[in-house]
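Here is a short tour of a protein model. Keep the sequence and the 3D view open as you read.

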Amino acid sequence: MGETYAINAGDQPTGRTVLCIGDIHGYFSKLQSLWSNLEAAVGAAAFQTALVIFLGDYCDRGPQTREVIDFLLSLSSRYPNQSHVFLCGNHDFAFAAFVGALPPPPDGSPFSATWAEFELNKDREGWFEGEGYEFMHVQGRRWGGLIQDKWNPKKNMAYKGSIYDGEPTFTSYGVAHGSPDLVKAVPDHHKKFLASLVWVHEEDNVWIDHLGGRLCCKLIAVHAGLKNSISVDEQLKFLKAKDTSIPKVEDLSGRHNVWNIPQELTKEPTIVVSGHHGKLHIDGLRLVIDEGGGIEQNPIAAIILPSMKIVRDTDNILA
């Protein structure tokens, strides 16, 4: 596929710079360092006009979710010639669910209809049962709950409050974990930001260095990935509709079932870029950019297109 569409290295078009930034998870100082490194890596001119795609999960685990969202909201005025895309991650979805920033289900069903699928986990996860829980999506109840287990073997770290590690997000807004006061503590412009997050982004004519040449691709950005079991068109339609009647959106929270590029997308060169998976993985046109995974000692990473260069907050790049 790449050899069919690639342009010889000696005659490469420039293409707009595209920056895909992995999961931030409340680590504001890391985000600041990464941002500075990206500007130094691509140069001021290209940086000022770049398309910047944030791959989701701005909250939880790290201590400064509030500062991260303030930073993201400031970008449109500070960099008016950039384009910014803010994907919704599964953590952001759950945060939005707790503070009432999710759009209502399009079929008119109540959010309580999403509870049944996870009901067997309710006691272990210690679901939120405070003020307003009756009208809350299941992921909001899980996010604001108090998990009984103290150790997360998958992350090799202690849980921080809930199964989502939501406690640092509560703390960043000055309230105790699991407190319904968070709804009042989160400012309206942060709620609007959460409500505005897109579940998928499509971009045409994205150039990428591939197989010794430069390839013009369609790009699909989605937090976790796309499933092979359902047609891509059907998934895109669902994601654009932001259907919150679904208890768990696999494209935002799945693992193995959204890891590979769907077979139907291999007919034309299509980049699928995601975060979510707690690793850095480059396999052809499948890009997974989440080296941090919300772990304090891990770096936050980004990828620059067309060059495919990986940049981290820990890099020491001089302009």
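## A covered helix

Which residues are buried in H5? They are Asn90, His91, Asp92, Phe93, Ala94, Phe95, Ala96, Ala97 and Phe98. That is 9 of its 9 residues, so H5 is mostly covered. Keep in mind that this is a predicted model.

## The nonpolar core

The largest nonpolar core has 87 residues. Five of them touch the most other members: Phe54, Leu72, Phe95, Leu182 and Ile271. Which helix gives this core its largest share? Helix H5 (residues 90–98) does, with 6 residues. Phe95, one of the buried residues of H5, is also among the core residues that touch the most other members.

Now look at Leu72. Set aside its neighbours within four places in sequence. Leu72 is then in contact with Leu31, Phe54, Tyr58, Phe86 and Phe193. Phe54 is again one of the core residues that touch the most other members.

Next, turn to H4 and H10. Helix H4 covers residues 65–78, and helix H10 covers residues 188–196. They pack at an angle of about 75°, and their axes are 11 Å apart. H4 is therefore roughly perpendicular to H10, as angles of 65 to 115 degrees count as roughly perpendicular.

Which residues make the contact? H4 supplies Arg66, Ile69, Asp70, Leu72 and Leu73. H10 supplies His189, His190 and Phe193. By class, the contact has 4 nonpolar, 2 polar and 2 charged residues. Leu72 and Phe193 are also on the list of contacts given above for Leu72.

## Salt bridges

Side chains of opposite charge can pair when their charged atoms come close. How many salt bridges does the structure hold? It holds 11.

Start with Asp149 and Arg124. Their closest N and O atoms are 2.6 Å apart. Asp149 sits in the loop between helix H7 (138–143) and strand E5 (151–152). Arg124 is in helix H6 (residues 122–125). Asp149 is partly exposed, with a relative accessible area of 31%. Arg124 is partly exposed too, at 34%.

Glu125 pairs with Arg142 in another salt bridge, with the closest N and O atoms 2.8 Å apart. This pair also links distant parts of the chain: Glu125 is in helix H6 and Arg142 in helix H7, 17 residues apart. Are these two buried or exposed? Both Glu125 and Arg142 are buried. Arg124, Glu125, Arg142 and Asp149 are linked in a network of salt bridges.

A further salt bridge joins Arg141 and Glu129, at 3.8 Å from N to O. Arg141 is in helix H7, and Glu129 is in the loop between H6 and H7, 12 residues apart. Arg141 has 1% relative accessibility, so it counts as buried.

## A closer look at Glu125

Glu125 has a relative accessible area of 1%. The cut-off for buried is under 20%, so Glu125 counts as buried. Leave aside its neighbours within four places in sequence. Glu125 is then in contact with Arg142, Gly145, Leu146, Ile147 and Ile163.

Most residues other than glycine have a negative phi, and most peptide bonds are trans.

Asp57 is not a glycine, yet its phi is positive, about 60°. Asp57 lies in the loop between strand E3 (51–54) and H4. At 2% relative accessibility, Asp57 is buried.

His276 also has a positive phi, near 75°. It is found in the loop between strand E9 (270–274) and strand E10 (280–283). His276 is buried as well, at 4% relative accessibility.

Finally, a cis peptide bond joins Leu305 and Pro306, with omega about 15°. Pro306 is in the loop between strand E12 (301–305) and strand E13 (309–312).

Technical notes: Residues are numbered from 1 along each chain as its sequence is written. This is a predicted model: local features need pLDDT of at least 70, side-chain atom pairs count only at pLDDT 80 or more; totals for chains, interfaces and linings use all residues. Side-chain values use heavy atoms; hydrogens and water are left out. Axes are lines fitted to C-alpha atoms, for helices over the stretch in contact, and angles run from 0 to 180 degrees between N-to-C directions. Helices (H or I, at least four residues) and strands (E, at least two) are DSSP runs, numbered from the N terminus. Angles under 35 degrees count as roughly parallel, over 145 as roughly antiparallel, 65 to 115 as roughly perpendicular and the rest as oblique. Contact means heavy atoms within 4.5 Å. Ala, Val, Leu, Ile, Met, Phe, Trp, Tyr, Cys and Pro count as nonpolar, Asp, Glu, Lys and Arg as charged, and the others, Gly among them, as polar. A salt bridge is a side-chain nitrogen of Lys or Arg within 4 Å of a carboxyl oxygen of Asp or Glu. Buried means under 20% relative accessible area, exposed over 50%, partly exposed in between (1.4 Å probe, protein chains only). A nonpolar core is a set of buried Ala, Val, Leu, Ile, Met, Phe, Trp, Tyr and Cys residues joined through side-chain atoms within 4.5 Å.
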